[in-house]
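Work through the exercises below with the sequence and the coordinates open. Each task is followed by a solution in steps.

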Amino acid sequence: MEQPELLGTQLFDLTGSVALVTGAGRGLGRTMALALAAAGADVVVSARTASEIEALAAEVRGLGRRAAAFTCDVTDEASCTALVDGAVAEMGRIDILVNNAGINVRKPVLDLGFDEYQRVLATNLHGYFLCAKAAGAHMVAQGSGKVINISSIMGRVALAGQGAYASSKGAIEQLTKVLAIEWARANVQVNAIGPTYFETELTRPLFEDPERKDFISERTPMGRWGQPHELAGAVIFLASRASDYVTGHTLIVDGGWTAW
Ligand SMILES: NC(=O)c1ccc[n+]([C@@H]2O[C@H](COP(=O)([O-])OP(=O)(O)OC[C@H]3O[C@@H](n4cnc5c(N)ncnc54)[C@H](OP(=O)(O)O)[C@@H]3O)[C@@H](O)[C@H]2O)c1
C-alpha cells in the first residue's frame with residue numbers, strides 16, 4: 001500500500017496513535033510509556049498495582065496526552081481480554097502494544113521449583129501471547145498496528161541461574177517471528193527489543209551486589225549498565241512509521257554485550 005512520503009522527525013511522530021503498555025507501573029515499562037507519550041501517543045498503562053499506574057497516567061496527562069490506567073494480571077486470559085477491551089472502549093483503538101510485564105526467579109535449575117519455573121513462563125511468555133492475541137485481533141481488523149515484545153539479551157545468550165527467564169525470552173523471539181509472519185499482510189508489524197542490564201526493581205539483587213554489578217559492567221563492551229531512557233529510541237522507532245517495513249526483528253540494546 002502506497003503511503004505519503006514522510007521526512008525527518010515526522011517519521012517518529014506518534015500523534016493520534018494509542019499505545020498500550022503492560023508492566024508500566026515502574027521500571028522499563030514506565031520509562032517506555034512516558035517516551036511514547038513524549039513522541040505524541042495517547043497511552044493506556046497497565047500492571048497489577050493500581051496506585052503506580054494511576055500515578056503514571058496522571059504524568060502522561062501532564063504531557064498533554066490522553067491516558068487510562070487498567071489493572072491486569074497478564075497470567076490470566078480473562079484479565080488480558082478485559083484489558084484490551086477496556087482500552088479500546090476508552091480510547092477507541094489500539095495502535096501499539098508494548099508487551100513488557102515480566103519477572104525473574106534466578107536460581108540454578110536444580111534448585112528451581114517447577115512452580116517458580118511455571119510462574120516465570122506464565123508471566124513472561126504466556127502473558128505476551130495472551131495480550132498479543134487480544135490486541136492483535138483489533139489491529140488485524142483495523143489493518144494497522146505495531147506489537148513490541150520486550151525480550152532480553154537472555155533470549156540470545158545465557159548465564160547460570162536463568163533457566164526459566166532465558167527460556168521465556170528465547171521463546172518470545174520465536175513468538176515474535178511467527179506473529180510477524182501471520183499478521184504481515186494485515187499491515188501489523190511485530191518486533192522485539194532485547195535489552196541488556198538496566199537498573200530497575202527486577203535487577204536490584206544484582207546492582208546491590210558489588211561483585212555482580214561489576215561483572216556486568218566489565219562484561220559489557222561499553223563498560224556500564226544501560227539507563228532506562230536509553231530504550232526510548234528503540235521503542236519509538238518500532239512504534240512509529242519509521243519501522244513500517246521492519247517485522248519479525250529483535251532490536252538488541254546492550255552496549256555491545258552480544259557482539260562478543
Ligand atoms: N531491567 C533489566 O535489566 C531488563 C533487561 C532485559 C529485559 N528486561 C525486561 O523488561 C521488562 C520490564 O522489566 P523491569 O526491569 O522494568 O521490571 P520491574 O521494574 O520489576 O517492573 C515489572 C513490571 O511488570 C509488572 N508485572 C509483573 N508481573 C505482572 C503480572 N503478572 N501482570 C501484570 N503486570 C505484571 C509489575 O507491576 P505489578 O507488580 O504491579 O504487576 C511492574 O510494573 C521485563 O519483561 C523484563 O524481562 C529487563
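**Exercise 1. Determine which strands helix α2 lies across, and its angle to β3.**

Step 1. Helix α2, residues 50–62, lies across β2 and β3. Helices (H or I, at least four residues) and strands (E, at least two) are DSSP runs, numbered from the N terminus. Residues are numbered from 1 along each chain as its sequence is written. This is a predicted model: local features need pLDDT of at least 70, side-chain atom pairs count only at pLDDT 80 or more, and totals for chains, interfaces and linings use all residues.

Step 2. The angle between α2 and β3 is about 170°. Axes are lines fitted to C-alpha atoms, for helices over the stretch in contact, and angles run from 0 to 180 degrees between N-to-C directions.

Step 3. Helix α3 (residues 77–91) lies across β1, β2 and β3, and runs at about 160° to β3.

**Exercise 2. Give the strand order of the open sheet and name its edge strands.**

Step 1. The order of the seven strands is β3-β2-β1-β4-β5-β6-β7, with parallel pairing. Two strands pair if DSSP finds at least two bridges between them.

Step 2. β3 (67–71) and β7 (250–253) are the edge strands, each pairing on one side only. From one strand to the next, the twist averages 15°.

Step 3. Strands β1 (residues 18–22) and β2 (residues 42–47) run parallel and are joined by five bridges. Leu 20 has Val 44 of β2 as its bridge partner.

**Exercise 3. Classify the crossing of α1 with α8, then that of α1 with α2.**

Step 1. The axes of α1 (residues 27–38) and α8 (residues 232–239) cross at roughly 55° and come within 9 Å. The crossing is right-handed, meaning that the near helix is turned clockwise from the far one by less than a right angle.

Step 2. From α1, Thr 31, Met 32, Ala 35 and Leu 36 make the contact; from α8, Ala 232, Val 235, Ile 236 and Ala 239 do. Two residues are in contact if their C-beta atoms, placed from the backbone, lie within 7 Å. Seven of these residues are nonpolar, one is polar and none is charged. Here Ala, Val, Leu, Ile, Met, Phe, Trp, Tyr, Cys and Pro count as nonpolar, Asp, Glu, Lys and Arg as charged, and the others, Gly among them, as polar.

Step 3. For α1 and α2, the axes come within 10 Å and cross at roughly 20°, so the two helices are roughly parallel to each other. This crossing is also right-handed.

Step 4. Arg 30, Ala 33, Leu 34 and Ala 37 of α1 meet Leu 56, Glu 59 and Val 60 of α2. The class count is five nonpolar, no polar and two charged.

**Exercise 4. Describe the packing of α4 against α5.**

Step 1. Helix α4 (residues 114–142) packs against helix α5 (residues 163–182) at about 20°, with the axes 8 Å apart. α4 is therefore roughly parallel to α5, and passes α5 in a right-handed crossing.

Step 2. The α4 side of the contact includes Tyr 117, Tyr 128 and Phe 129, and the α5 side includes Tyr 165, Lys 169 and Leu 175. By class, the contact has 13 nonpolar, four polar and two charged residues.

**Exercise 5. State which residues come nearest to the ligand.**

Step 1. Gly 23, Gly 27, Arg 48, Thr 49 and Gly 102 come nearest, of the 29 residues around the ligand. A residue is near a molecule or strand if its C-beta atom, placed from the backbone, lies within 6 Å of it.

Step 2. The shell divides into 11 nonpolar, 13 polar and five charged residues. α1 gives the most to this shell, with three residues.

Conventions: Parallel < 35°, antiparallel > 145°, perpendicular 65-115°, else oblique.
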